[in-house]
Amino acid sequence: MRIAIPRETQPGENRVPITPDVAKKLVRMGADLHVESGMGTTSGFTDEQYTEVGASIAADRSELFANADMLLRLNKPTAEEIALMKRGAIHISYLDPFNEHALVNAFKDAGITAISMEMIPRTTRSQKMDALSSQANLAGYVMVMKAAAALPRIFPMMMTPAGTLKPANVFVIGAGVAGLQAIATAKRLGAKVTAFDTRPVVAEQVQSLGAKFLEIDLGETGETAGGYAKELTPEQVEMQRQAQKDVIAKSDVVITTAQVFGRKPPVLVTKDMVDGMMPGSVIVDMAAETGGNVEGSVPGETVDCDGVTLIGTGNWASDVARDASQMYSSNLFNLVEDNWSEEQKAFEVDFEDDILPGCIITHGGEITNETIKNIIE
Ligand code: NAD
């Protein structure tokens, strides 16, 4: 099977989909691997590192797309790129299928098997393929680093002959994969951390990291069978906002990571809450690019909101591109290896598999994913 790895072209993207280590494993499995020249550069990998492990370097991007049986990437393709691809080819990347309806239809019409990395089920067996988790974990770390760099204070308590500095107060809203890593990172730096999540099971995880869990009685909340938070009613969102107000006012840093799978993130920090914070305080809104948990956060930017720094720069994992590439590449490899036929030396699309059908969006000229089909058609 001919596998192509094109260069990522999305502005600000420093991660690469396949590292030389993983390229070596794909070649060993019998893949005919073609890497676009310069593909690894943003994460510090050279063309030579890929040729050394048996990959070919492609100078012509259009040919790379046109001859590929499978493409492994990070970001979604353009319409022009889809038009270049062979009918029956497999394309694996992030796709944002809940919002990218035109893209899904283009894949369908082109007869491409489109696999979405976001849609990999959150089961125990699929953890090794779970790119949402691997990248969110790094995002949690990066958000704290950014907050610490922007805050005109230090995180730990410091007792010195010149006096005692109190530890910084950090409040983390949403304690999923990113939030828990943000809590752990802020704790390692010595901050006093409080956190809240609507899924009650999270309280124990937060406490085991040495942070305080803010108890808010919102009535019925819970999680879906897939482990995701259920969407709150507008009344519950308002109750949450009121209950968090005091903690936010006393926080030096607020980090928001609240998401509801397949929906717009809830606005949990309103403008008056931002105004209630001390000048110099910092808010990091992980959801800025998908609508925002914080009123006034700007996707892709850091803004000054009357003395409070609001960071919404997004693509957090790209800031630690080398590690993020290693993890994403490993997720991709595990997905490919799990569906690889030794005899055919090819990726087999098996609709009886327990993982694959959930993340295939289009196949054979149809939208095969029922959830996405119901939204689009
Ligand atoms: P996510 O990115 O969808 O959401 C982030 C967090 O925001 C979640 O913890 C969610 O409960 C929380 N949230 C939603 N609305 C909120 C609100 N109004 N206020 C505060 N918090 C709010 O979630 P995620 O980090 O991708 O993972 C969610 C969960 O999925 C995990 O914690 C875990 O239970 C499960 N999971 C399972 C596996 C696995 O078994 N393979 C892997 C990863 C995650």
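Me: Which strands does α5 lie across, and at about what angle does it run to β18?

Reply: In this predicted model, α5 lies across β6 (113-116), β18 (360-363) and β19, and it runs at about 40° to β18. The angle is taken between N-to-C directions, from 0 to 180 degrees, using axes that are lines fitted to C-alpha atoms, for helices over the stretch in contact. Two residues are in contact if their C-beta atoms, placed from the backbone, lie within 7 Å. The element names follow DSSP runs numbered from the N terminus, a helix being H or I over at least four residues and a strand being E over at least two.

Me: What should I know about the numbering and the prediction?

Reply: Residues are counted from 1 along each chain as its sequence is written. As this is a predicted model, local features need pLDDT of at least 70 and side-chain atom pairs count only at pLDDT 80 or more, while totals for chains, interfaces and linings use all residues. The pLDDT is the predictor's confidence in each residue, from 0 to 100; the mean for this protein is 96, and 100% of its residues reach 70 or more.

Me: What makes β3 and β19 edge strands?

Reply: The open sheet of eight strands has the order β3-β2-β1-β4-β5-β6-β18-β19, with mixed pairing, and β3 (56-58) and β19 (366-367) each pair on one side only. Two strands pair if DSSP finds at least two bridges between them. Three bridges join β2 to β3, which run parallel, and Glu36 stands opposite Ala58 in β3. Strand β1 (residues 2-5) also pairs with β2 in the parallel sense, over four bridges, with Arg2 opposite Asp32 in β2.

Me: Why is strand β2 described as largely enclosed by the rest of the structure?

Reply: Four of the five residues of β2 (residues 32-36) are buried, so the strand is largely enclosed by the rest of the structure. A residue is buried if 20 or more other C-beta atoms, placed from the backbone, lie within 10 Å of its own, exposed if 12 or fewer, and partly exposed in between.

Me: What is noted about the phi of Asp96, and what about that of Asn315?

Reply: Most residues other than glycine have a negative phi. Asp96, in the loop between β5 (90-93) and α5 (101-110), has a positive phi of about 50° although it is not a glycine. Asn315, in the loop between β15 and α11 (321-338), has a positive phi of about 30° and is not a glycine either. Asp96 has 14 other C-beta atoms within 10 Å and is therefore partly exposed, whereas Asn315 has 20 such neighbours and therefore counts as buried.

Me: How many residues surround the ligand, and which are the closest?

Reply: There are 32 residues around the ligand, the closest being Gly174, Gly176, Gly227, Ala229 and Ala258. The elements that give two or more residues to this shell are α6 (131-150) and α7 (177-188). A residue is near a molecule if its C-beta atom, placed from the backbone, lies within 6 Å of it.
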